[in-house]
Amino acid sequence: MAKGGLGTVGFDSLFLDNSNDVQIKKTLRLAEIEPNRDQPRKSFSDEAIAALADSIRDHGMIQPILVRPLDTGGYQIVAGERRWRAARMLGLDEVPVTIRELSDTETMQIAIIENLQRENLNPVEEASGYNELIEKYGMTQEQVAKMVGKSRSAIANSVRMLALPQRVIGMLEKGEISAGHAKALLSFDDEEMLIAVANRAADGGMTVRQVERLAKKAEEAENEADIKADKRIDNYFVEMELSLNERLGRKVKVDYGKNKGALILEFYDKEDLAALAQKLTDEV
């Protein structure tokens with residue numbers, strides 16, 4: 001099978017007659033072809049498919065469907081599921097195809113690129129496609145970015161949106177909020193506040209800039225609360241040191257960190273250590 005990544009130029013070359021890669025052009029019965037369940041686009045507009053069917057009826061299928069042979073028999077769609085659906089709507093028996101041997105990774109790459117270039121995935125479908133290339137096929141963010149002609153940070157930000165609560169992902173999928181809204185919402189640590197702001201944005205009550213400003217204010221308020229809490233904790237440790245100094249009659253140091261601390265007691269010799277241990281035992 002062919003190896004390596006496919007950029008935009010590589011994708012276009014799949015459909016050129018003078019491609020150096022081995023490919024076969026013929027017609028196949030629709031019954032021999034099955035869609036790729038892992039392809040990034042999960043929803044198809046019935047109106048768009050109907051419009052495409054009308055075009056195919058009037059002008060024929062100008063662009064063949066790209067398929068690959070399956071080990072179990074038959075063929076799987078790599079690019080052109082909309083054309084396949086339109087052909088089914090028309091009741092066609094056969095369709096023109098280009099058959100190529102492609103790996104799972106190449107199949108996924110081509111499916112993503114075709115959708116990005118020709119059909120515009122919604123932000124959730126796009127992020128899921130990138131994430132599948134990274135998680136399932138072991139690609140790095142840099143490799144995915146090069147493949148689709150975007151920056152690494154754009155890929156990272158896209159994938160990060162999948163960490164949003166499912167309710168918010170649903171809003172993004174339906175177009176109720178934009179990708180800009182989603183990225184701004186990622187700055188909220190409080191999930192309840194995040195969902196509340198998302199609902200306001202979905203109702204048309206907040207722009208992306210307003211969500212960003214609110215997220216910044218929430219972060220500043222949280223930082224201020226943390227500082228106040230740290231000061232209260234600091235005072236507690238200071239008071240505890242003074243109290244132990246007085247009760248044990250020696251220098252005491254309370255060393256504290258974020259999740260743990262240490263109590264350091266000063267002693268002078270073996271007898272003093274024994275007396276300190278007795279005192280601590282008596283206290284317990």
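**Reading charges and burial in a predicted chain**

The chain's accessible surface comes to about 17,300 Å² (Shrake-Rupley, 1.4 Å probe; for residues, only the protein chains shown count as cover), and 48% of that surface belongs to carbon and sulfur atoms.

Colleague: Before we dig in, what am I looking at?

Modeller: This is a predicted model, where local features need pLDDT of at least 70, side-chain atom pairs count only at pLDDT 80 or more, and totals for chains, interfaces and linings use all residues. Residues are numbered from 1 along each chain as its sequence is written, and side-chain values use heavy atoms, with hydrogens and water left out.

Colleague: How many helices and strands does the chain have?

Modeller: Helices (H or I, at least four residues) and strands (E, at least two) are DSSP runs, numbered from the N terminus. Here you get 12 helices and seven strands.

Colleague: And what share of the residues counts as buried?

Modeller: Buried means under 20% relative accessible area, exposed means over 50%, and partly exposed is in between (1.4 Å probe, protein chains only). Of the chain's 284 residues, 37% are buried.

Colleague: How should I read contacts?

Modeller: A contact means heavy atoms within 4.5 Å. In this chain, residues 24 or more positions apart account for 68% of the contacts with a separation of 6 or more. E81 is buried, at 8% relative accessible area. Neighbours within four places in sequence aside, E81 touches P35, N36, Q39 and F44.

Colleague: Now salt bridges. How many are there?

Modeller: Side chains of opposite charge can pair when their charged atoms come close. The test used is a side-chain nitrogen of Lys or Arg within 4 Å of a carboxyl oxygen of Asp or Glu. Searching the whole structure turns up seven.

Colleague: Which parts does the R68 and D104 pair tie together?

Modeller: R68 and D104 have their closest N and O atoms 2.9 Å apart. R68 sits in strand β3 (residues 65-69) and D104 in helix α4 (residues 104-119), so the bridge links parts 36 residues apart in sequence. R68 is buried at 10% relative accessibility, while D104 is partly exposed at 44%.

Colleague: Which residues form the negative surface patch?

Modeller: A patch takes residues with over 30% relative accessible area and no salt bridge; like charges are joined within 9 Å, nonpolar side chains (Val, Leu, Ile, Met, Phe, Trp, Tyr) within 5 Å. Asp and Glu count as negative, Lys and Arg as positive, and His and the chain ends are not counted. Each charge is placed at NZ of Lys, CZ of Arg, CG of Asp or CD of Glu. The members here are D189, D190, E191, E192, E219 and E220. Helices α10 (191-202) and α11 (208-248) each give two or more of them. E192, in α10, is exposed at 68% relative accessibility.

Colleague: What covers the buried residues of α8?

Modeller: In α8 (residues 166-174), the buried residues are V168, I169, G170, M171 and L172. Their cover includes α5, α9 (179-185) and α10. Just after α8, G175 takes a positive phi of about 80°.
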